[in-house]
Amino acid sequence: MTIRIATFNCENLFRRPIVFGTGNDPIRDAVLQDFRKLVEILDHDTYTANDRKKIIELLKKHSVDVSQEISTQTFLVNEPRGRARLLKGEGRNIEVRAEATGRSAWVGWVELVKDDLSWDAVTNTARVIAEVNADILLTVEVEDRLTLHRFNKQVLAGQFEAEPYPFNMLIDGNDIRGIDVGLFSRHPITSVRSHIFDKKDSRDIFSRDCPEFEIDIDGEPLWLLGNHFKSKLGGGGDKRKLQGERVAQLYEAALERSAHVVVAGDLNDTPGSPPLTFLEATGLKDAMTHDSYEGPPGTHGKCTAPSDKIDYLMFSPELFAKVDKVEVERRGIFEFGTPFDTVTGPGDQASDHAALVAELDL
């Protein structure tokens, strides 16, 4: 039986935080740094005078006003009406309410402002998935399970006449940006375990999950551990290292249930880096090291350099021995030398990540 297993960082399917579409890494990174700083301050049990000052400074810096109607703002404070609130004032003349003494004293949250992706970007994402034609596809950076369902039925099948996936699954993770890890499958998904990283390890690590999907392949279980490691922004190395260590433990535990285990996703680091050494030490095999693979070393951006390799399909030894062919679909990336003819710029590319696919004889 031939089966194709793939992973693809889709960079969202229909809606994406507008800061991710700026095309300017320094601007994006600065906004995300301020966003994380604001989230951290708002989570304090008690707000000091300096906390209140910093909250206002960060909100005004990003054009946030009480009405939440300024089109230039990149994040906003979502406060359900009729509840205890954080802010008072009018327009950008805002203050932190005296009654908002800490996290438990108001109801709401801060979130990144999102906008619709262009229809061309949506259809190019579907085109990549249709070209890969995987039986099992890990989807990284997708909004939620309902979005997976709609994309499957309305775009993938509706626009490309591809056979829709009969099974899809996504459990909302702890990342507050709505960039979760999900799964499309042509084989039954029989169980899902979602692991959050230990809170004692790092407050930021706690925002990422490692879902384990059990997939029935003609009566035999295959376990896929889906991941999206922390980025290299803001000290991400230590966080990724903790994630790599924990995922290696989860992999070893999965091996006790089945010899067929896959670790996949956007790991945001290169082979041999500290986060990857934990996984490599377990005996997991990177699909792109298979003899059948021919092509450049990268999976991100231009894909020409080893430093562009950040996406992975890693197989347990027994599964790796069954791999017949490995391919990387890069034509959805604008920076890639020969993209699809429908990819004309960063705004309509499918993603700046390639899709990896391995064909196995099971």
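Contact here means heavy atoms within 4.5 Å. The model is predicted. Its chain holds seven helices and 18 strands. Of the 362 residues, 51% are buried. Contacts with a separation of 6 or more come to 71% from residues 24 or more positions apart.

**Helices on the sheet**

- Helix α4 (residues 145-160) lies across β8, β9 and β10 (180-185). The helix runs at about 150° to β9.
- The open sheet has six strands, in the order β9-β10-β8-β1-β18-β17. Its pairing is mixed.
- β9 (167-170) and β17 (323-329) stand at the edges. Each has a single partner strand, so one side of each is left without a neighbour in the sheet.
- From one strand to the next, the twist averages 15°.
- Helix α3 (residues 119-132) also packs on the sheet. It touches β1, β8, β17 and β18 (355-361). The direction of α3 makes about 155° with that of β1.

**The β1-β8 pairing**

- Strands β1 (residues 2-9) and β8 (residues 136-142) pair in the parallel sense. Five bridges join them.
- Phe 8 has Thr 139 in β8 as its bridge partner.

**Aromatic pairs**

- A pair of aromatic rings is described by the distance of the centres and the angle of the planes.
- Three aromatic pairs turn up in a search of the whole structure. Two of them follow.
- Phe 14 and Phe 151 form an edge-to-face pair. The centres are 6.0 Å apart, with 65° between the planes.
- Phe 14 lies in the loop between β1 and β2 (15-17), and Phe 151 in helix α4, so this pair ties together parts 137 residues apart in sequence.
- Phe 151 is buried, at 0% relative accessibility. Phe 14 is partly exposed, with a relative accessible area of 23%.
- Phe 35 and Phe 75 form a tilted pair. Here the centres are 5.7 Å apart and the planes make 55°.
- Phe 35 lies in helix α1 (residues 25-42) and Phe 75 in strand β3 (residues 75-78), so the pair ties together parts 40 residues apart in sequence.
- Phe 35 and Phe 75 are both buried.

**Around Phe 14**

- The loop between β1 and β2 holds Phe 14.
- Beyond its neighbours within four places in sequence, Phe 14 contacts Asp 115, Asp 116, Leu 117, Val 122, Glu 143, Thr 147, Arg 150, Phe 151 and Val 155.
- Val 122 is 108 residues from Phe 14 along the chain. Their C-alpha atoms are separated by 6.4 Å.

**Charges over rings**

- Arg 127 places its charged end over the ring of Phe 340, 4.0 Å from the ring centre.
- Arg 186 has its charged end over the ring of Tyr 165, 4.0 Å from the ring centre.

**Helix α5**

- Helix α5 (residues 236-255) has 20 residues. At 1.5 Å a residue, they should span 28 Å. The end C-alpha atoms are 28 Å apart, which agrees.
- Buried residues in α5 include Gly 236, Gly 244, Val 247, Ala 248, Leu 250 and Ala 254.
- Lys 239, Arg 240, Gln 243 and Tyr 251 of α5 are buried too.

Methods. Residues are numbered from 1 along each chain as its sequence is written. This is a predicted model: local features need pLDDT of at least 70, side-chain atom pairs count only at pLDDT 80 or more; totals for chains, interfaces and linings use all residues. Side-chain values use heavy atoms; hydrogens and water are left out. Two strands pair if DSSP finds at least two bridges between them. Helices (H or I, at least four residues) and strands (E, at least two) are DSSP runs, numbered from the N terminus. Axes are lines fitted to C-alpha atoms, for helices over the stretch in contact, and angles run from 0 to 180 degrees between N-to-C directions. Rings of Phe, Tyr and Trp (its six-membered ring) pair if their centres lie within 6.5 Å; planes under 30 degrees apart count as stacked, over 60 as edge-to-face and the rest as tilted. Buried means under 20% relative accessible area, exposed over 50%, partly exposed in between (1.4 Å probe, protein chains only). A charge sits over a ring if NZ of Lys or CZ of Arg is within 6 Å of the ring centre and within 35 degrees of the ring normal. The expected span of a helix is 1.5 Å times one less than its number of residues.
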